[in-house]
Amino acid sequence: MSAAITTPIEIAIIGGGVIGTSIAWHLARRGAKVTLVEQRGLASAASGSSAGGVRQQGRDLREMPLAIASIARWEHLSDELEADIHYLRDGHISVTEHEDDLHAMRETVARQRAAGLDIVLVEGDDLRALVPGITPQAVAGTYTANDGHANPILTTHAFGTAAVRHGAKIMLNTRVTGIQRAGDRITGLETTNGPVTCDWLVLAAGAWSTGLAQQLDLELPIRPMGLQMMATTKMPHLLDQVVGAWHRKLSLKQIPSGNYVIGGGWPGDPDLETNLGLPRYESILGSMDHSSAIFPALRKAQLERVWIGIEAETSDEVPVLGPVDHLANLTLATGFTGHGFALSPIVGQLMSELILDGTPSVPIDALTFARFAEGSAVARTAPRVHAG
Amino acid sequence: MSQLERTVDVVVIGAGPAGVAAAIAATRAGAQTILLDEAATPGGHLRWEVADFEELPAVPAILPRSPLAEISVQEVVDSGIEFLGDTAVWGIFPGPLVAAYHAPSDTGYTFRATSVVIATGSADRVWPVKGWELPGFHTERDLLTRLHTELPPAGVRYGIIGGGDAALQVKAAIAYTGGVVAFESVAITKIVIEGDVRIAHIHDEENRADVDVVVQAFGQRIEPVLAIQAGAACTLHVGEAVPSPYLTPDGATTVPGIFVAGEAAGVQGDRWIYAHGERVGRAAANGAEPHPTPEPYVPDPNSFRRPYFPPPRDPSIVIDREQGVTLGEVQKLIDAGAWDINDIRRQTRAGMGSSNTSPALAVIATLLLWRYPHIEDVRLIARPRPPLRDVPFLGYLPETTQTGGSL
C-alpha cells in the first residue's frame, strides 16, 4: 500500500483490549480515521484480568525481538499517553530450588543474551540479597533488571483515551454481527449499533477472534483458555521484582498498594457467553502452595480475590500478527496466549506501520498466519512460561 | 493447621431456623449431614432478636436474647447432628465441593457432598447516604448484635433512618439501653450525615440534630450469594435490585445438588422458614431434580422495573466504603456508555471486596435500571467470585510446604 495517503484511510478495529486500543492509538495519531468496535467495555476480557507483567525473559525466541523493542517503548509510554499506568521497572527473576537446573539455566541465559536480552544468572547469597523474601531453598535465578509490571486496565484505558484524543471513535457495547466483503476486500461491518464502513480491518478480539475469523473463511488455530489469577490482602512491602519459578506454576508480584498478585498458568474454566470464568478449587489451592513455597511470607497471607482471564491460546503459543493470503485488507493481532500485555505498545506500533507504510520496523515474519498454512509443525523454542 | 477433607451426604450452610430444620429433616431421611455456621452456636438471626418486653429484666444488663435461640441449640443437640461452628464457607465449587475455614483450629475444610443446602438467611438492607462512611454508622442488625454483648452508657443520642418494623425494633432496643432518639427520617435521598472524625450531626430538608450514632433500619434482604457464586442462574429480585436464584418448590437451583432454603430463598416468618427448611432438607437428602435452566430473562418492554430505592444523587457519596468508590465514578462510566455491572465493577472496584455483597452493587444495578428500564438481567447481576470470606493461606498449605523454608 502506498505511503502517500491524501484522504485518511478508514480503519475498523474489532476488540477493545490492550492490543486493539494500542493499535487504534498508533493509527489515529498518524492521521488514520479509526473506529474501534468492542462488544462490552474496554479491557473487559483478558486485558482486564491480566497480571500486568512487562517481561522479556522466558519469551519464545520468535517474539523476543518484539519483547525487547517493546521495553524501549514502555519507558516513555506514560508520557506519550499522558496518563499514569503504574509502570514499574523493578526486574523479573525466575528461580529454581534444584541444583540440577544450573546447567540448563546457564544455557538459557546464553541463548537469551545472544538474542539481545540483558539477562544474568544470580546465585546463592546474591539471590537472597536481591530478593530478600525468597525461600532459602532457592539456589539460583535468571534475572532481567529492566523487566517490570504495569496496570493493564489503566493502560488499556489510557490507549483508548489517547486514541479518542486523536480522533478515533470507540463504539462500546457493540457486537459485530456481520463482516461485508467484495471479492478479496473487506468493505465494512454490521454491528448491533449500525454499519461501519472501512478500507481496512484489524481483528484484535482475543478469544472471540476465532468465531469472527470463521465469517471470513479463516480457521484460526486459537482456542479460549481460562487463566486464574489471585490477589492477597494488603501486606507490608517486601517484594520489588516479578518472581517466576522453574518447575512451578508461578508469577508473583507485589503491587504498590501492598497486595500480592499471583498467577502462573493455573487453569480456570472460561465462559465466552458471559465473559466470566469459573475458578477451580484445585487451582486455588495449588497456587497458594506453589507461591508460598517460593515466597514464604505468603504463608501469612489471606486470599482476597480470585479471577479468570479469558485468553486466546494459539496452537504454538505465540500470537498471530499481520496479513492473511486471501484477504487484501485484513490485519490480525490476536492469539497472545496470556503474554500480550507487555507486547502491546510495540504491536500497536508495528501494526500501524504495516497498514500505513507496508512494512513493520521489526520483522514479524515468524508470527504471521502463514506459519500455520505451511502445515509445518512449529516447535517451541523456549520453555513455556506463564506470566501475563 | 492443615487442610481436612470430609465426604458427607448433605452439607447445610447456616444454622438459623431454616438450616436447623433442613439438617434435622435430612438426617431423618437417612443422610449423613453436617451443619456449618460462622457463629459458635446455632440460632442464626434468632440470636440477635430482642426478647419480648414482658421478658425483659427490670435492671438492664446486655440486651437479652429471644429464648427461641436456645431452643434451636437444644434441637441440634437432641437430634445428634454434627454441628461445626466458627466455620466460614468461602466458596462452592463443582462437585459439589464446599470450601470452608475453621478459625479456632486454623483449618481449611473441603467437604465433598451429594447435596448442599444454602440457608444463609438475610443481610441488612443498606443504602448509601451522604456521610455513611463515618464511624458511628450502623445498620439495624449490626446495632442489635452489639447491644447483645455490650450496653453503651445511657444518654447516647441516636438518629434513625427508616420506618416500619425494623425501626420499631431498633427504637425498643434504644429505649431499653436508656438512649435517646434525637432524629428520625425516611427521606433516603435527602439525608446528610456530618462529622469530622465520627458522626456529629444529621439532617434532612426539615430537621437537624446532634447525634452520636446513626442507625439505618431498612429491614433485611435475601442473601443467596453462595448460590450465585456456585453458578445458579438467577433473576433480579423484584424491587430489590439484588439477584435471586431460580428455585423449584423444593429449593433446588439450576445447579445439580445445590439448594437454597428459608430466608435466603425469600421465605419470611419463622414458622414458614422452618417449614421450608424441612422440605428442602428432605429434598436434598433424596436428591431432588435441579431447576431447569431458564431462557435468559428479558423483561417485558412494557413493564418498568422500578427498584425499591431511588438512586442516590450526590456524586460525592461513597457507595463502596471498603474500596472508597464514589457514586460519581460509577455515574461517569455509565454516562460514557457502560451498561454491564461486571464491567463497571472491574473498572471502579466497587463491590470488589471479599464479601462480594457491597451495597454498591445494588446501587449500580439501580442506576442501570433507572437509565435502561428494559435492560436484561444478565447485565445487572454481578457474579460473585470466591473467596466470599477470609481465607488464610496457612490453613490450606500441605505439610511439605509448611516444613520447607522459614518465615
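Between which two helices of chain B does the loop with Arg349(B) lie? Select Arg349(B) to find out: the loop runs between helix 8 and helix 9 of chain B. Keep in mind as you go that this is a predicted model.

**Stop 1: Arg349(B)**

While Arg349(B) is selected, check its backbone. Phi is positive, about 75°, although the residue is not a glycine. Most residues other than glycine have a negative phi. Arg349(B) counts as partly exposed, because its relative accessibility is 28%, which falls between the 20% and 50% limits.

**Stop 2: where the two chains meet**

Now show both chains together. The contact takes in 38 residues of chain B and 42 residues of chain A, and about 3300 Å² is buried between them, with carbon and sulfur atoms giving 59% of that area.

Next, select Asp340(B) and Arg40(A). They form a salt bridge, with the closest N and O atoms 2.9 Å apart, and the count between the two chains is one such bridge. There are also ten residue pairs in polar contact across the interface, both residues of each pair being at pLDDT 80 or more.

To see what chain B brings to this contact, colour its elements. Those that each supply at least two residues include strand 5 (87-93), strand 6 (97-102) and helix 8 (341-348). Helix 8 of chain B gives the largest share, four residues. By class, the side of chain B that touches chain A has 19 nonpolar, eleven polar and eight charged residues.

**Stop 3: strands pairing across the chains**

Select strand 18 (residues 302-314) of chain A together with strand 23 of chain B. They pair in the antiparallel sense over two bridges. Look for Gln302(A), which stands opposite Pro392(B) in strand 23.

**Stop 4: two cis peptide bonds in chain B**

Most peptide bonds are trans, but here are two of the other kind. Go to Gly95(B) and Pro96(B), where the bond is cis with omega near -10°; Pro96(B) is in the loop between strand 5 and strand 6 of chain B. Then move to Pro386(B) and Pro387(B), also joined by a cis bond, with omega about 0°. Pro387(B) sits in the loop between helix 9 (359-371) and strand 23 of chain B.

**Stop 5: two buried residues in chain A**

Select Asn173(A), in the loop between strand 8 (169-171) and strand 9 (176-182) of chain A. Its phi is positive, near 50°, and the residue is buried, with a relative accessible area of 12%.

Finish at Thr331(A) in strand 20 (residues 327-334) of chain A. At 1% relative accessibility, Thr331(A) is buried. Residues that Thr331(A) touches include Trp200(A), Leu203(A), Met351(A) and Ile355(A).

Key: Residues are numbered from 1 along each chain as its sequence is written. Chains are lettered from A and ligands numbered from 1 in the order in which they are written. This is a predicted model: local features need pLDDT of at least 70, side-chain atom pairs count only at pLDDT 80 or more; totals for chains, interfaces and linings use all residues. Side-chain values use heavy atoms; hydrogens and water are left out. Contact means heavy atoms within 4.5 Å. Buried area is the accessible area (1.4 Å probe) that two parts lose on being put together, summed over both. A salt bridge is a side-chain nitrogen of Lys or Arg within 4 Å of a carboxyl oxygen of Asp or Glu. A polar contact is a pair of N or O atoms within 3.5 Å; within protein, one must be able to donate a hydrogen and the other to accept it, and residues adjacent in sequence count only if both atoms are side-chain atoms. Ala, Val, Leu, Ile, Met, Phe, Trp, Tyr, Cys and Pro count as nonpolar, Asp, Glu, Lys and Arg as charged, and the others, Gly among them, as polar. Two strands pair if DSSP finds at least two bridges between them. Buried means under 20% relative accessible area, exposed over 50%, partly exposed in between (1.4 Å probe, protein chains only). Lists of a residue's contacts leave out its neighbours within four places in sequence.
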